[in-house]
Amino acid sequence: MKLSTIRKSAAVICAAILGVSMLCPVGTAFAQETKAAASAKSKTVENPEELTHNTRFDSYTKLDCIDVSAHQGRIDWQTVAGEGVDAAIIRVGYRTYDKGEIKADTNFVKNMQGAHDAGLQVGVYFYTQATNPSEAAEEARFVLSSIQSVSDAVLSLPVYIDIEHVDNGKGRQDAKKLSPAELTAICNTFCDVIAEGGYQTGIYSNRSFMEDCLQMEELEYHSVWLAMCGAQTSYKGKYDVWQYSHNSRINGIKNTVDRSVIYTLTPAEVIPTEAIVTEEIPGELPNPDFSVIQFATETIEAPIVACN
């Protein structure tokens, strides 16, 4: 199935919908904080009630979402669900920033099963250090294989690629001094492979990286997961998930956890295959049983500047 067809179909139906750390074993979804994120620390936010949302999301349902990895340790998912958390985006794995090895998150399977059994909406992410499209495709195939290894795994949220700088510019991507076009190609290749595997796709990064190092207009068919700490964000581009904290405390999780809000037009619901088949897609999607959340799809132009 051609990716361009999948993107067009996804955009018509509900937007391509809804990846992350790993520079060290204790990393969270913030592989590196940008200056913008760091400056927001004075306005630390832990709970969704403290947020000021962009007015364009006034009519949207707002889901409380966490993202987790092995760093969070053993999670009591039933307790987490009882705290009102609606969704979880779970780390599948990462590519190391030095040797470029692909590693699995040791808690991936447990977290997938636990979140699903607790009734949460589930998505996954992968932290990339791919330096070319070929490596990005390798990462995506690893993600697909990992998902398929989990019994009865069903994703109602996208598969995200997490792309961002490494602290002090020591990552493989940083060393290559890749251009915005090259970094964007890495994202699209990863998402192409994921989409051909039958799953929804997404891009995770921080505001600075999105504005300076990616050609976001080329990524508009994917869900956009914006990382920017604080009670509000002034990012002008399209996004449908906003990660506003990486130090929240939630009963059921011993360590701090990243927290996001998902903007949806409707609650998640399983839709039959025929609802997504169009004249452009004569057959069934490879994974016809996934759930779909209809995300915010406004595309707002954001200035793109050169990536240093």
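Helix H5 crosses helix H7 in a right-handed manner; a crossing is right-handed if the near helix is turned clockwise from the far one by less than a right angle, and left-handed if anticlockwise. This is a predicted model, in which local features need pLDDT of at least 70 and side-chain atom pairs count only at pLDDT 80 or more, while totals for chains, interfaces and linings use all residues. Residues are numbered from 1 along each chain as its sequence is written, and side-chain values use heavy atoms, with hydrogens and water left out.

Let us stay with this pair of helices. Helices (H or I, at least four residues) and strands (E, at least two) are DSSP runs, numbered from the N terminus. On the H5 side, the contact (heavy atoms within 4.5 Å) includes Pro133, Ala136, Ala140 and Leu144, and on the H7 side Ile186, Phe190 and Val193 are among the residues involved. The residues of this contact divide into 11 nonpolar, 1 polar and 2 charged. Here Ala, Val, Leu, Ile, Met, Phe, Trp, Tyr, Cys and Pro count as nonpolar, Asp, Glu, Lys and Arg as charged, and the others, Gly among them, as polar.

Now for the charged pairs. The model has 8 salt bridges, each a side-chain nitrogen of Lys or Arg within 4 Å of a carboxyl oxygen of Asp or Glu. Three of them are set out here.

| Salt bridge | Closest N and O atoms |
|---|---|
| Asp64 and Arg259 | 2.7 Å |
| Glu135 and Arg172 | 3.0 Å |

Asp64 sits in strand S1 (residues 61–68) and Arg259 in strand S9 (residues 257–270), so their bridge ties together parts that are 195 residues apart in sequence. Asp64 is buried at 9% relative accessible area, and Arg259 is buried at 6%. Buried means under 20% relative accessible area, exposed over 50%, and partly exposed in between (1.4 Å probe, protein chains only).

H5 takes part in the other two bridges of the table. Arg95 in strand S2 (residues 87–95) and Glu138 in H5 are 43 residues apart. Arg95 is buried at 3% relative accessibility, whereas Glu138 is partly exposed at 37%. A network of salt bridges links Arg95, Glu138 and Glu139. Glu135 in H5 pairs with Arg172 in helix H6 (residues 172–176), 37 residues away, and both Glu135 and Arg172 are buried.

Next comes helix H4 (residues 108–117), whose buried residues are Phe108, Asn111, Met112, Gly114 and Ala115. These buried residues pack against S1, helix H3 (77–82), S2, strand S4 (121–127) and H5. Just after H4, Gly119 takes a positive phi of about 85°.

Finally, the cysteines. A disulfide is a pair of cysteine sulfur atoms within 2.5 Å, and the count comes to 0 disulfides. Cys187 is buried at 0% relative accessibility, and Cys191 is also buried at 0%.
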